[in-house]
Every structure is written in C-alpha cells, then in structure tokens.
Amino acid sequence: MLNKKYQQWGIIHEKLSVDEAMTRYYGHHSSLVRGKPVRFGFKNWSLCSSNGYCYSVDTYCGKTKGNPGDIQQPLGSRVVLSLLKCVCVYPVIIFLSLLSDLKRLGFRATGTLRQNRTEKSPLIPVKEMEKKKRGSYDSAFDSKNELLLIRWNDNSVCTIATNYDFLEPLQNVTRWCKEKK
C-alpha cells in the first residue's frame, strides 16, 4: 500500500539511487541483522530520487523462493531489479553483472564497486594504488560488455563502473591537504 502511495504522482526523476536503511524496532520479531550499527530492527531497501523522494521500499524478510533463474543472481541484483519494476530509468549499481544486464536492456547506470567485485579487471591493485599520490587514477574498458572501470586514490581508493559515461574530460579539484595546510 505504501509503494502505491509513493508512486501515485507519476513524476519520476532522471537520477535515482537504490540503497539500504535500517529501521529501529525493539519489539518482538525474528530479524536480527549482524554487523550493522542498528542490529535490532528491519532492513529496508529503497529506491529514491536525488532530492530524497522515495518511490519504492522493500523490507528484507530473509531468503525468498523464486524462479530457478532468479536464484542465479546475487541478492543485490534481485533487489535492484525488483525495486525498479515501478520506473523506466535504472539507478546506481553495485555489481558488474547487473551493470551488464542494464546495458543490454538499454539503461544507463553508474556506481561504486567493492574492491573484490572488479572480476579480475586489469586495474592497478588497491595496495599499489594506495602508495601512489592523491589524485592518481587507473582505468580499464571492457569492450565485450562495454563497461568502463575507474579506480582512483583520494582519502582512500575508490572504484566505479559505468556503462555509458567517459573518462574525459578530467578536472582538478581543490582539496584540503594536511601536509600543506
């Protein structure tokens, strides 16, 4: 019922994001999420616009049974695809396989990747990148899936992937440097 109310206005923003959030709840229920700052409560995934409007929410209720084809996808991919049933624009992603699927379906997406999810790309390893000076970067293009991966060193090493954007034009930004004050 909430999702219907969220979508009743029909104004879908161009830039969307899928993320998780915890809702505190100390009453009686069987959901305990380990490794999160809020351990007691409900884990919700939400599809929101860049200004914070929520279009869709899905509460995690444990493993779900579905079609055998769906089981092959990681949980994050299944969540993103289920939240996106209400819109026609696809948001930020986490998995390269999901990014490839979205590209195949004709949707543009960009998102950050965990360091262990680059699937053997030829990017400079994180340990080596940490030794380089701040602002250095490395990129790789997967011509088979048409994906661009970029890893750069800032306060920490960050890796992003996109199925539509480009590496250039590059720009310099002013950042606080502890050594130079």
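1. Met22 in strand S1. In this predicted model, Met22 sits in strand S1, which covers residues 16-24. Its relative accessibility is 24%, so Met22 counts as partly exposed; the cut-off for buried is under 20%, and exposed means over 50%. Met22 and Asn44 are 22 residues apart along the chain, and their C-alpha atoms are separated by 6.1 Å.

2. Overall make-up. The protein has 5 helices and 7 strands. Read from the N terminus, the order of the elements is α-β-β-β-α-α-α-β-α-β-β-β. The protein has 181 residues, and 29% of them count as buried. Of the contacts between residues at least 6 apart in sequence, 44% join residues at least 24 apart.

3. The aromatic pair. The count of aromatic pairs comes to 1. The partners are Tyr53 and Tyr55: their ring centres are 5.1 Å apart and their planes stand at 70 degrees, so the pair is edge-to-face. The angle matters for the label because planes over 60 degrees apart count as edge-to-face. Are the two partners buried or exposed? Tyr53 has 31% relative accessibility and therefore counts as partly exposed. Tyr55 has 1% and therefore counts as buried.

4. Helix H4 and its buried residues. Helix H4 spans residues 96-105, and Leu98 lies in this helix. Leu98 has a relative accessibility of 0%, so it counts as buried. The buried residues of H4 are Leu96, Leu98, Leu99, Ser100 and Leu102. What do they pack against? Their partners are helix H3 (75-83), strand S4 (110-113), S6 and S7. Leu98 can also be placed relative to Pro74: the two are 24 residues apart along the chain, with their C-alpha atoms separated by 9.0 Å. Just after H4 comes Gly106, with a positive phi of about 90 degrees.

5. Helix H5 and Glu130. Helix H5 runs over residues 126-131 and includes Glu130. Leaving aside residues up to four places away in sequence, Glu130 touches Asn153 and Val157. Glu130 and Asp154 are 24 residues apart in sequence, and the distance between their C-alpha atoms is 8.8 Å.

6. Strand S5 (residues 137-142) and S6 run antiparallel and are joined by 6 bridges. Glu146 belongs to the loop between S5 and S6, and at 41% relative accessibility it counts as partly exposed. In a regular strand, side chains alternate between the two faces of the sheet.

7. The segment after S7. Pro169 is found in the segment after S7. The peptide bond joining Glu168 and Pro169 is cis, with omega at about 10 degrees.

8. The largest pocket. A probe the size of a water molecule, rolled over the atoms, shows where empty space is left. The largest pocket has a volume of about 660 Å³. Its lining is made up of 21 residues, and those nearest the centre are Gly135, Trp152, Leu170, Gln171 and Val173. Which strands supply at least two residues each to this lining? They are S6 (147-153) and S7 (157-162). S6 gives the most, with 4 residues. By type, the lining residues divide into 10 nonpolar, 6 polar and 5 charged.

9. Strand S6 across the points above. S6 pairs with S5 in an antiparallel arrangement. The buried residues of H4 pack against S6, among other elements. S6 also gives the most residues to the lining of the largest pocket.

Terms used
Residues are numbered from 1 along each chain as its sequence is written. This is a predicted model: local features need pLDDT of at least 70, side-chain atom pairs count only at pLDDT 80 or more; totals for chains, interfaces and linings use all residues. Side-chain values use heavy atoms; hydrogens and water are left out. On a 1 Å grid over the protein atoms alone, a cavity is a set of points where a 1.4 Å probe fits but cannot get out, and a pocket is an open set with protein on both sides within 12 Å along at least five of seven lines; lining residues have an atom within 4 Å of a point. Grid points are joined across faces, edges and corners, and a volume is the space filled by probe spheres set on the points. Ala, Val, Leu, Ile, Met, Phe, Trp, Tyr, Cys and Pro count as nonpolar, Asp, Glu, Lys and Arg as charged, and the others, Gly among them, as polar. Two strands pair if DSSP finds at least two bridges between them. Buried means under 20% relative accessible area, exposed over 50%, partly exposed in between (1.4 Å probe, protein chains only). Rings of Phe, Tyr and Trp (its six-membered ring) pair if their centres lie within 6.5 Å; planes under 30 degrees apart count as stacked, over 60 as edge-to-face and the rest as tilted. Contact means heavy atoms within 4.5 Å.
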